[in-house]
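Here are my notes on the model, as numbered points. Please read them with the sequence and the structure open.

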Amino acid sequence: MNYLIAYATTEGQTDKIAKFIAKILSQEGHEVRFHNVSDLSGGLSVSEYDRVIVAGSVHSGQHQADLQLFVFANREQLGAKPGMLISVSLAAAFPDTADEAKGYADTFLEAAHWKPAQTVLIAGAVKPGLYDWFEKSALLEGDLAAHVNEDLEETREFTDWNALTEQVSEFARL
């Protein structure tokens, strides 16, 4: 199979996840093109691929604008083939915020008019070295405050790599 992994990243965790997915698919014998949707060069055509994986992260309740635009602009081509949405958020890491994570993905898909074959909610990471005062304050006072260290000194990764491997392999078997 020929896969396109189209992604958007803000702090780098979705980039890491997309590369991990590419490695899984490559090891299973598939061809993979890896594309950051913020890069407008390269003449990308979704119709050239058998399957498409779209990955993006949630910040302030929304996925990246570039990702939304990519999916909306390519919704007909995406709808014509098996697709997967990987929605990366801290809300996906905890049982008490799982519904919130699902809501982010549902809102994104509804706005984009896309119904992928599979939607995966995957936890991201906290990377305090990249945050400004406002972002740190929002994290410490929001729904996830009980799950992060108050000092926000060190990066903490919540991504479940084993679960992601299983979900990507399952999608490849569809």
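1. I start with Lys115, which counts as exposed because its relative accessibility is 81%; exposed means over 50% relative accessible area, buried under 20%, and partly exposed in between (1.4 Å probe, protein chains only). Lys115 sits in the loop between α4 and β6. Its C-alpha atom is 6.8 Å from that of Gly79, although the two residues are 36 apart along the chain. Helices (H or I, at least four residues) and strands (E, at least two) are DSSP runs, numbered from the N terminus.

2. On the basis of these notes: this is a predicted model, in which local features need pLDDT of at least 70 and side-chain atom pairs count only at pLDDT 80 or more, while totals for chains, interfaces and linings use all residues. Residues are numbered from 1 along each chain as its sequence is written, and side-chain values use heavy atoms, with hydrogens and water left out.

3. On confidence: pLDDT is the predictor's confidence in each residue, from 0 to 100. The protein chain has an average pLDDT of 87, and 82% of the residues score at least 70. Among the elements, β5 has the highest mean pLDDT (97), and helix α5 (residues 133-141) has the lowest (60).

4. The largest one has 21 residues, of which Ile17, Ile21, Leu25, Ile53, Ile86 and Leu164 touch the most other members. Two or more residues each come from β1, α1 (13-27), β3, β5 (83-89), β6 (118-123) and α6 (161-173). Helix α1 gives the largest share, six residues.

5. Which residues does Leu164 touch, not counting residues up to four places away in sequence? They are Ile17, Phe20, Ile21, Ile86 and Ile122; contact means heavy atoms within 4.5 Å.

6. On helix α2 (residues 65-73): Leu67, Phe70 and Val71 are its buried residues. They lie on the same side of α2 because they cover an arc of only 90° around the axis, the arc being that of the directions from the helix axis to the C-beta atoms. Ala65, Leu69 and Ala73, on the other side of α2, are exposed. The buried residues of α2 pack against the strands β1 (2-7), β3 (51-59) and β4 (62-63), and against the helices α3 (75-79) and α4 (98-112).

7. On Ser57: this residue belongs to strand β3 and is buried, with a relative accessible area of 5%. The side chain of Ser57 has a polar contact of 2.7 Å with that of Gln64 and one of 3.1 Å with that of His59. A polar contact is a pair of N or O atoms within 3.5 Å; within protein, one must be able to donate a hydrogen and the other to accept it, and residues adjacent in sequence count only if both atoms are side-chain atoms. Not counting residues up to four places away in sequence, Ser57 touches Ala8, Thr10, Thr14, Gln62, His63, Gln64 and Val88.

8. How many salt bridges does a search of the whole structure find? It finds three, a salt bridge being a side-chain nitrogen of Lys or Arg within 4 Å of a carboxyl oxygen of Asp or Glu.

9. Asp15 and Lys19 form a salt bridge (3.1 Å, N to O), and both lie in helix α1, four residues apart, about one turn of the helix. Asp15 is buried at 17% relative accessible area, whereas Lys19 is partly exposed at 47%. Lys16 forms a salt bridge with Glu157, with 2.8 Å between the closest N and O atoms. Glu157 lies in strand β8 (residues 156-157) and Lys16 in helix α1, so this pair ties together parts that are 141 residues apart in sequence. Glu157 is partly exposed, at 35% relative accessible area, and Lys16 is partly exposed at 42%.

10. The remaining pair is Lys102 and Asp106, whose closest N and O atoms are 2.7 Å apart. Both lie in helix α4, four residues apart, so about one helical turn separates them. Lys102 is partly exposed, with a relative accessible area of 43%, and Asp106 is partly exposed at 36%.

Terms used
Core = buried A, V, L, I, M, F, W, Y, C linked by side-chain atoms within 4.5 Å.
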